[in-house]
Amino acid sequence: MTDEAQKPSIITSSLDFLVNWGRTNSLWPFPYGTACCAIEFMSTEVGRYDLSRIGSEYVRFTPRQSDVLLVAGTITYKQAPILKRIYEQMAEPRWVIAMGACACSGGFYDCYCTVPGIDHIIPVDVYIGGCPSRPEAFFDAMFDLQKKIKDESYMKQRAGRVRDQLEMIKAKTAEAKAAAKDFAQEKVELAKEFVSEKEQELVKKAQFWKE
Amino acid sequence: MDFKELMEKFGGKLDAQAKWDDCVVVSREYLHNVVAFLKDDPSCKMDMLVDIAGVDYLTYPNHEGPRFAISYAFKSLKHPGLRLRLKVLVSESDLKVPTISDLYANANWYEREVFDQFGIVFTGHPDLRRLLNHVEFVGHPLRKDYPAQKRQWLSTNDYLLPELEKRLEALGYWIVKRSKEVETKDNEFLEGSVKE
C-alpha cells in the first residue's frame, strides 16, 4: 500500500495539484501577536495592503480553524508553554511563520527571560527579519510559504503518516505481547513452585505416617 | 518643603548622593509610620505612590553599608511639584521590610515585583508571589550576582483557573462545573475517541 502511494501516477499527482491549489489559496492565519510586529500585521491585513488578495482574509482566533501560526513578537519563558500548546492544538497541515527579529532569534533581548528564537520550541517554516517587519516583507513570506506548499505532496505525507502509525501499532503490540509472555511465565513459575511445595509437604506427611 | 519634621520625628537622614531630588533614608522600623505620616499629614499629603524599586549595591563603586536598598517614590497631588523619595537599607542577612500595601493598594504588585527580582521579603504582604518570572524560576534575576544570560525553562502552563473560580465565588457567582487540567498523552489516537 505504501509503495503504491509513493509512486507518482496521474491520479495522485493531479490530486496533489488540487489539494495544494486549495491550500495555497486559503491560508488562514492565527495571529500570535505579543509586540509591535502584531501592529504591523494589522496593517498588512486591512485596506492598503490587503492580505485577502492571496486568500487569507480570515484571521481565526482559534487554533482549531487556522493553518498558519503567525508568531509576531517577543516570546518569554513564561509564555513558551502556551505557544507550544497552541501549536499542538492546530490541526495538520500547519505552518509557522516567525515574524520579526524577536521571534526569529530573540532580537536584542539577550537576557534571562526571553526565548532566543521560537525554533527552540516549535518548527518554523518561514523567517521574516526586521524590527518590526514591513508588510511587504510579510507578503514575501506568504509567497515563500505558498511556493513551499506547492512543492508538498499530500499522498506522500499521508503514506508516511500511515507508515508511522503502523510501525507504532506494531511496536505497541510487540510490547504488549512481550509483557503478556512475561506475565504468563511468572504465573507458570509460581504454579510450579506451588506444586513443588505441595509435593514436599505430602512427602513429609507420608514419611511422618510411615514412622 | 524641607521635611524637617520627618527627620526630627523619625530619625531620617538626607541622602547626600541624591542630586536631582529629595531623598530621605529611614530605618525600616519607622517605615510604616513614616509612610502613614506622609500620606495623611496636611503639609505634604503624598497621596500617590509612583514606584517601588529595589537596589543592589554589590558592584557599586565606593559604597559602604548594607547591600540592598528599597526606594519608594511619592508624589503629591495636592501640592503641585512636591515629590519625595524614601530609601530603606537592608542587609543581606536579614532581608525583611514591612509592607505598605495596607496604605497604598498599588504597592501590592510593586512589592511582589521587588520580591520577584531581588528576593526582598515584605512582611505582612497578603499575597507575596512572583509577578514577572514564572513559578519554576530559581533565584532572583536582577541581583548583581545572577548571571544575566542564564535562562530557565518552564515546563507547564501556569494553571490559574482554580484561582479565578475562587475569586468568582467570592464575588457571589455560582460555579456550575469546575475545570480540570487536561493532561495530554502522546499516543492518544491509539486509544480511540470514545471514552466512558
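Student: What percentage of the 211 residues of chain A count as buried?
Tutor: Keep in mind that this is a predicted model. A residue is called buried if 20 or more other C-beta atoms lie within 10 Å of its own. Of the 211 residues of chain A, the share that counts as buried is 23%.

Student: In what order do the elements of chain A run from the N terminus on?
Tutor: Chain A has seven helices and four strands. Reading from the N terminus on, the order is α-α-β-α-β-α-β-α-β-α-α.

Student: Which residues touch the most other members of the largest nonpolar core?
Tutor: That core holds 33 residues. Elements of chain A that each supply at least two of its residues include the strands β1 (29–33), β2 (68–72), β3 (95–99) and β4 (126–128), and also the helix α6 (135–151). The members touching the most others are A:Leu70, A:Val71, A:Ile97, A:Ala98, A:Met99 and A:Ala103.

Student: Which residues does A:Ile97 touch, leaving out those up to four places away in sequence?
Tutor: A:Ile97 is one of the core members that touch the most others. Two residues are in contact if their C-beta atoms lie within 7 Å. With that cut-off, the partners of A:Ile97 are A:Val68, A:Leu70, A:Asp125, A:Val126, A:Ile128, A:Ala141 and A:Leu145.

Student: Where is A:Pro93, the residue joined to A:Glu92 by a cis peptide bond?
Tutor: The bond between A:Glu92 and A:Pro93 has an omega of about -5°. As for its place in the chain, A:Pro93 sits in the loop between α4 and β3 of chain A.

Student: And where does A:Pro132 lie?
Tutor: The peptide bond from A:Cys131 to A:Pro132 is cis as well, with omega near -10°. A:Pro132 lies in the loop between β4 and α6 of chain A.

Student: Why does B:Asn62 count as exposed?
Tutor: B:Asn62 is in the loop between β3 (48–56) and β4 (68–75) of chain B, and its phi is positive, near 55°, though the residue is not a glycine. B:Asn62 counts as exposed because its number of C-beta neighbours inside 10 Å is 5.

Technical notes. Residues numbered from 1 in each chain as written. Chains lettered and ligands numbered in written order. Predicted model: local features only at pLDDT ≥ 70, side-chain atom pairs only at ≥ 80, totals over all residues. Core = buried A, V, L, I, M, F, W, Y, C linked by C-beta atoms within 7 Å. Buried ≥ 20, exposed ≤ 12 C-beta atoms within 10 Å, placed from the backbone.
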